[in-house]
Each structure stands twice: as C-alpha cells, then as structure tokens.
Amino acid sequence: MKILFTSVGRRVELVQAFRNAATELNCGLTIIGADIDASAPALYFCDEAQIVCRISDAEYIPMLLNICKTEQVDCLIPTIDTDLLLLAENKGCFEAIGTKVLVSSVDKVRLCRDKNLTSGYFASIGLNAPQPVDSIAKFELAAQNGTHGFPAFIKPKDGSSSIDAYKVENIDDLRLYAEKIKDYVIQPFICGREYTIDIFCDYDGNPVYITPRERLAVRSGEVLKTRITQNDTMISEMHRLVADYKPCGQITVQLICDQVTGENFYIEINPRFGGGAPLSIKAGADSAKAVLRMLNGEKLTYIEKAARDGAIYSRFDQSVCVNEGQVSD
C-alpha cells in the first residue's frame, strides 16, 4: 500500500501516525512525501521523497499524476488549504489511474476557501456563525443598524493559519488593517473558549469519528496544547453538518463558545487533516487507521466518543539534520 502526502512540510506527527497505524494493523505501507523544498523536515520521516513544483505552476497536477501512476499510489492526502480546490477539481483524473484522493467535492471546498461563503453555509444548516461584511462601508452601515460594532475581527477572506487576522477596537485601526489585507472580511468578535472539532468520514461522507477538543494554547493558528472535550451539543451539531456537507476523509471545524451566552459560534471549516489532528488520533479517534482500513476495502461504522475525554496533549518542536541522505528529483 502506498500513500502520498502533498505539501508535507512539517507534518511529522501526521506521517508518524500513519506509520504507527500500519504497524498496529500489520499492514505494509510506503509513505511518499512531496514538497517544493528538500529541507522540509517531514520528508525525512517518509520512505520516499519527491520534490515538486509550486501549486500555482501549470505542471503541478501533471507532476502529481505522474508520481501516482509511476509509484502506483493508492491514496493521495493533501495537508494545506491552497492544495484543496485544485485537487478537488482534478479528483477524477487521479481516480482514473487508481489513486484515491481524500478531498471533498469542489463546491464544498470552494465554500471553505471563502469566509463569506463559510458563514452563510453555517447559517443555512442552522448553526450560529458571526456574519461577515466585506467592506468598511458595509461595516459602518451594519454598525448603525446595531448588527456590528467594536471589538470586531478582520481577516483575509481566503486566509489560513491566522495570518493577517486581527482583533480591532476602533475604526482607525480597522481602516489600517483593511488597507493592508485588501481582500478581507470583517465580523463580530466573539469572546470565549476556542474549540476545534476533528471529523473523519468515509469516502461517501458517512461519519466515523467526531472529536471536539479545546484549544488551550495556540501559536500562529496551530494548536500547542489541547484538551479532548466530548461535548454532546458540539457532536450533535457536527452530525448535522456532516449530513449535508458529506466530507471525504478528514475535516476540521473551528468554533468559539461565547463566554456569556454559552452558544457555539462556528467560524471555519478546513477540509483536510489539521495540524492538531494527530492529537485526536493519539487519544483514540484513529483516523490514520481508518484510512488504511478503507484502502483495504473494509466498511467503517461510526464510533461514538472514540477519543479519551479529558486527555490533554502538549506539543513541542524537534529538529532533524536535512543535509544527510538523498532526496529524489
């Protein structure tokens, strides 16, 4: 069995999770990592490494298809947002050569990449979401109507990893950040506890694992400390989302629980393995094992609250020497 991770970067934990899953299942597995940079640390934890062109390059998809065909790759797994829409659009090309791609449908990926669409989608399925506007003028008009005000939150409409995302307290700062970001959304600032929900579904969008976890500490948008929190309301709300969204493989959903009202406000969907997904895997919601079992033709069923409730994980950095060994072109 062969799995290809694209833009593998620093996803060492994720690669290790699949390695551990293969060992526990007594399953032969070759892990191939692809990246534009030969010094990407996760490449050195893969069995094979492939250096590829940038995602924006016209040769990117043909290059991946060639790797998958030559190496007889069983499954391709994306790890960053900018990969998703392109892979969703070309999913049929990979399946034609026998490579499964763990990415959701084009329309669902597209709504995740535009924060305006994401908020509207949450509302359309009956989930709370801070509703955004996409200009200063619209914000000021909404403020007059009492639907927006300060503090507010401004971020790129297609952003990720909390890059250029700011809490703002006044109109002058808002204008300053709007000029910097250009293509932005402004939404009400929700004060409360932040959560990520790791969801894994089979190829047909049926849920296997739903794992809420509190984000206790975050750096550059990625969780450093987390607590598994098996909250019945969050799990029920995610069953509602999954029934409509029909994810293929792993997605993560982010929310803030309002500290005053206790209501959940959903803010983001990332239809891929999030940076903290290995923590839910370690706690018992082993989506790496689930992928391998699916590739072996097994029928998966939903396992309620598979991750150990209350388990706390604290992440740390390590280093690897990247000028020893060879990386293939």
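Q: What does it take for two strands to pair, and over how many bridges do E4 and E5 pair?

A: Two strands pair if DSSP finds at least two bridges between them, where strands (E, at least two residues) and helices (H or I, at least four) are DSSP runs numbered from the N terminus. This is a predicted model, in which local features need pLDDT of at least 70 and side-chain atom pairs count only at pLDDT 80 or more, while totals for chains, interfaces and linings use all residues. Residues are numbered from 1 along each chain as its sequence is written, and side-chain values use heavy atoms, with hydrogens and water left out. Here strand E4 (residues 75–77) and E5 pair in the parallel sense over two bridges, and Cys75 stands opposite Lys100 in E5.

Q: In what order do the five strands of the open sheet stand?

A: The order is E3-E2-E1-E4-E5, with parallel pairing. Strand E3 (48–51) and strand E5 (100–101) stand at the edges with a single partner strand each, so one side of each is left without a neighbour in the sheet.

Q: Which residues have the most contacts inside the largest nonpolar core?

A: In soluble globular proteins, nonpolar side chains tend to be buried together. A nonpolar core is a set of buried (under 20% relative accessible area, 1.4 Å probe, protein chains only) Ala, Val, Leu, Ile, Met, Phe, Trp, Tyr and Cys residues joined through side-chain atoms within 4.5 Å. The largest one has 41 residues, and those with the most contacts inside it are Ile3, Phe5, Phe18, Ile77, Phe200 and Val291. Helix H1 (12–24) and strand E1 (2–5) are among the elements that each supply at least two residues of this core, and H1 gives the most, with seven residues.

Definitions and conventions:
Buried < 20%, exposed > 50% of the residue type's maximum accessible area, 1.4 Å probe, protein only.
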